[in-house]
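Please have a look at the sequence and the model first.

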Amino acid sequence: MTDTPHYIRPTWDEYFMEVAKTIAKRATCDRGRSGCVIARNKQILVTGYVGSPIGLPHCDDVGHLFKQVTHEDGTTTNHCVRTVHAEQNAICQAARLGISLQGSTLYCRMTPCRTCAMLIINCGIERVVCEFRYHSGGESETMFKDAGIELDFVNDDVLRYDKQ
């Protein structure tokens, strides 16, 4: 008789984060292929991934559309603006399907940007779980705290990618 390791079921957070990673495989911008899952009461409500608006060209097909942002401290960052963020696409899917996000939890790859944070707050999402921190996510973290939204990180590593 062989000893088989005891199977340990993932927690709900681990489960939904794994689903978000699978959703990210559909992303069409290689800079930050990310996916998003919004769940409530242990049920997936909607998903989204980073990609261009319906009918418009994707980064993977035609390249990135970069905009450089200069921050108050003088640092600059590059952002691809061809795509809609995974969080935004999930929220849009909920709107298109008439699904309330009140009281839900959002799972995503990195700290949501400022715009995504504002949408998350206004949708009534109560908790955000991120796989990684984002290099310029401090403002969003503050907004979530001020709005009373719980923010959890799977790990404290900061996500890095080319031309950031």
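Helices (H or I, at least four residues) and strands (E, at least two) are DSSP runs, numbered from the N terminus.

## Ground rules

This is a predicted model, in which local features need pLDDT of at least 70 and side-chain atom pairs count only at pLDDT 80 or more, while totals for chains, interfaces and linings use all residues. Residues are numbered from 1 along each chain as its sequence is written, and side-chain values use heavy atoms, with hydrogens and water left out.

## A glycine in strand 1

Let's begin with G35, which sits in strand 1 (residues 35-40). Its relative accessibility is 3%, so G35 counts as buried; the term means under 20% relative accessible area, with exposed meaning over 50% and partly exposed in between (1.4 Å probe, protein chains only).

Which residues surround it? Setting aside neighbours within four places in sequence, G35 is in contact with A20, I23, A24, G48, Y49, A86, Y107, C108 and R109, where contact means heavy atoms within 4.5 Å. As for H85, it lies 50 residues from G35 in sequence, yet the C-alpha to C-alpha distance is 8.6 Å.

The structure contains eight salt bridges, each defined as a side-chain nitrogen of Lys or Arg within 4 Å of a carboxyl oxygen of Asp or Glu. One of them pairs K21 with E131, with 3.5 Å between the closest N and O atoms. This pair joins distant parts of the chain: K21 belongs to helix 1 (residues 12-23) and E131 to strand 6 (residues 127-134), 110 residues apart.

K21 is partly exposed at a relative accessible area of 36%, whereas E131 is buried at 13%.

## Two arginines of strand 6

R127 and E150 also form a salt bridge, at 3.4 Å from N to O. Here strand 6, holding R127, is linked to strand 7 (residues 150-153), holding E150, across 23 residues of chain. R127 is buried, with a relative accessible area of 16%, while E150 is partly exposed at 43%. Both take part in a network of salt bridges that also includes D13 and D152.

Further along, R133 forms a salt bridge with D156, and their closest N and O atoms are 3.0 Å apart. R133 is in strand 6, and D156 is in the loop between strand 7 and strand 8 (158-159), 23 residues away. D156 counts as exposed at 54% relative accessibility, and R133 is partly exposed at 23%.
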